[in-house]
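Please look over the sequence and the fold below. A brisk report follows, section by section.

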Amino acid sequence: MAHVISDECVACGTCVDECPVGAISEGDGKYEINADECVDCGSCAAVCPTGAISAE
Ligand code: SF4
């Protein structure tokens with residue numbers, strides 16, 4: 001299980017600093033979560049202004 005970022009992402013970068021394991025990086029037009037690193041804490045989902053992050 002991992003959290004995922006949908007196309008609602010506006011690439012603001014707010015979530016990046018919230019991730020305790022550094023699993024979020026900038027992708028092509030939106031941010032992406034490395035499923036192998038994500039520990040499913042939900043910290044990123046709580047701060048996303050567009051609600052683009054959810055549990056897979
Ligand atoms: Fe990082 Fe937690 Fe979001 Fe997973 S759920 S990407 S570990 S902040």
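## An exposed loop residue

Is D17 buried or exposed? D17 is exposed, because its relative accessible area is 71%. Here buried means under 20% relative accessible area, exposed over 50%, and partly exposed in between, with a 1.4 Å probe and protein chains only. D17 sits in the loop between β1 (3–5) and β2 (24–26). Its C-alpha lies 9.7 Å from that of S43, 26 residues away in sequence.

## Model and numbering

This is a predicted model, in which local features need pLDDT of at least 70 and side-chain atom pairs count only at pLDDT 80 or more, while totals for chains, interfaces and linings use all residues. Residues are numbered from 1 along each chain as its sequence is written, and side-chain values use heavy atoms, with hydrogens and water left out.

## Overall fold

The chain has one helix and four strands. From the N terminus, the order is β-β-β-α-β. These elements are DSSP runs, numbered from the N terminus: helices are H or I with at least four residues, strands are E with at least two.

The C-alpha trace spans about 25 × 20 × 20 Å along its principal axes. For 56 residues, a compact globule would have a radius of gyration near 10 Å; the chain has 10 Å, so the two agree. That radius is taken over C-alpha atoms, and the globule rule is 2.2 Å times the number of residues to the power 0.38.

Of the 56 residues, 30% count as buried. Contact means heavy atoms within 4.5 Å. Among contacts with a separation of 6 or more, 59% join residues 24 or more positions apart.

## Nonpolar core

The largest nonpolar core holds 14 residues. Such a core is a set of buried Ala, Val, Leu, Ile, Met, Phe, Trp, Tyr and Cys residues joined through side-chain atoms within 4.5 Å. I5, I24, I33, C44 and I53 have the most contacts inside the core. C44 is buried, because its relative accessible area is 7%.

I33 touches H3, V4, I5, A23, I24, C38, C44 and I53, leaving aside residues up to four places away in sequence. In soluble globular proteins, nonpolar side chains tend to be buried together.

## Ligand shell and cysteines

The ligand is surrounded by 13 residues, and C19, C38, C41, G42 and C44 are the closest. A residue is near a molecule if one of its heavy atoms lies within 4 Å of it. The shell has nine nonpolar, three polar and one charged residues. Ala, Val, Leu, Ile, Met, Phe, Trp, Tyr, Cys and Pro count as nonpolar, Asp, Glu, Lys and Arg as charged, and the others, Gly among them, as polar.

C19 counts as buried, because its relative accessibility is 17%. How many disulfides are there? The count is zero, where a disulfide is a pair of cysteine sulfur atoms within 2.5 Å.

## Loop details

Most residues other than glycine have a negative phi. A11 has a positive phi, near 55 degrees. A11 lies in the loop between β1 and β2. It is partly exposed, at 28% relative accessible area.

D40 is not a glycine, yet its phi is positive, at about 60 degrees. D40 lies in the loop between β3 (31–33) and α1 (43–47). It is partly exposed, with 28% relative accessible area.

G51 is in the loop between α1 and β4 (53–55). It is partly exposed, at 49%.
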